Amino acid sequence: MEGLAVVVALAILVVVTLAKGVCTVPQGYKHIVQRLGKYHVTLNPGLNFIIPYIDIVAYKLTTKDIVLDIPSQEVITEDNAVIIANAVAYINIVSPEKAVYGVEDYIFAIQNLVQTALRSIIGEMALDSALSSRDQIKAKLKAAISDDISDWGITLKTVEIQDINPSMTMQSAMEEQAAAERQRRAAVTKAEGEKQAAILEADGRLEASRRDAQAQVVLAKASGAAITLVSEAVGDKDLPVLYLLGEKYADALVKLSTSTNAKTVVLPADLPQALRGILNKA
């Protein structure tokens, strides 16, 4: 019985040892093998063999693109404005052994590197430029950190600025400034409208006055021409003129007699004589 137990124990040990010597790496990953505590080899996807108890798989890293979220942070611009910015970086591990042995924590290191570079880049820009120049910030950010992380066996595929907004205090100040600017523009527009209306009204009065003057000139010329024609037609004869004046005089008396304010109408005893008096002729 004791012999059988020893055989079974040896068989289990052999099976466990063989299992430890076989390492299967899935697609999209690479494994770092250490031999007696020292880097030995990097295992590629597929079936791999190692020496049991001597070689161990110390790290398992993905070779797929990694998305790193860069936390939001407050950044002071060149004109002392406070904005809040965050980003997202896309990286790929091309040398796993450098990533694990070149830096303590490559994810933490890259996040801090991007934040530092972002503060430096935005700190050299004015507020308006920082808010409207995402592509420029992105290009500078990528150039600033690509060389540094390449020493860790990592490639920066791209980096994008997610949000870049003024702080709450700056937003309130900008809203007040925008409201004041809108009020100023409204006041200017109203003043311009009133000015144009006043100019148009003055132009209208000037044109009306000019036309009234022209009409008076025309009427005066017409009256002068009519008087000339009447004078030429009448000559020294009083009777036609007396007739015309008498007709007008009679019409005026009729209107006067029908007026609500008229109480008494007095007619001259000698109408022809009265008309001659109007003409200053005895």
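What pLDDT does the protein chain average, and what percentage of the residues score at least 70? The chain averages a pLDDT (the predictor's confidence in each residue, from 0 to 100) of 81, and 77% of the residues score at least 70. The model is predicted; local features need pLDDT of at least 70 and side-chain atom pairs count only at pLDDT 80 or more, whereas totals for chains, interfaces and linings use all residues. Residues are numbered from 1 along each chain as its sequence is written, and side-chain values use heavy atoms, with hydrogens and water left out. Mean confidence is highest in strand S2 (residues 29-35), at 94, and lowest in helix H8 (residues 271-278), at 58. Helices (H or I, at least four residues) and strands (E, at least two) are DSSP runs, numbered from the N terminus.

An open, antiparallel sheet is formed by three strands in the order S6-S7-S8. Strands S6 (66-76) and S8 (154-166) stand at the edges with a single partner strand each, so one side of each lacks a neighbour in the sheet. Pairing requires at least two DSSP bridges between two strands; S6 and S7 (residues 82-93) are joined by nine, in the antiparallel sense. Gln73 has Ala85 of S7 as its bridge partner.

Of the 37 residues in the largest nonpolar core, Tyr106, Ile122 and Ile154 touch the most other members. Such a core is a set of buried (under 20% relative accessible area, 1.4 Å probe, protein chains only) Ala, Val, Leu, Ile, Met, Phe, Trp, Tyr and Cys residues joined through side-chain atoms within 4.5 Å. Helix H3 gives the most to this core, with eight residues.

How values were computed:
Buried means under 20% relative accessible area, exposed over 50%, partly exposed in between (1.4 Å probe, protein chains only).
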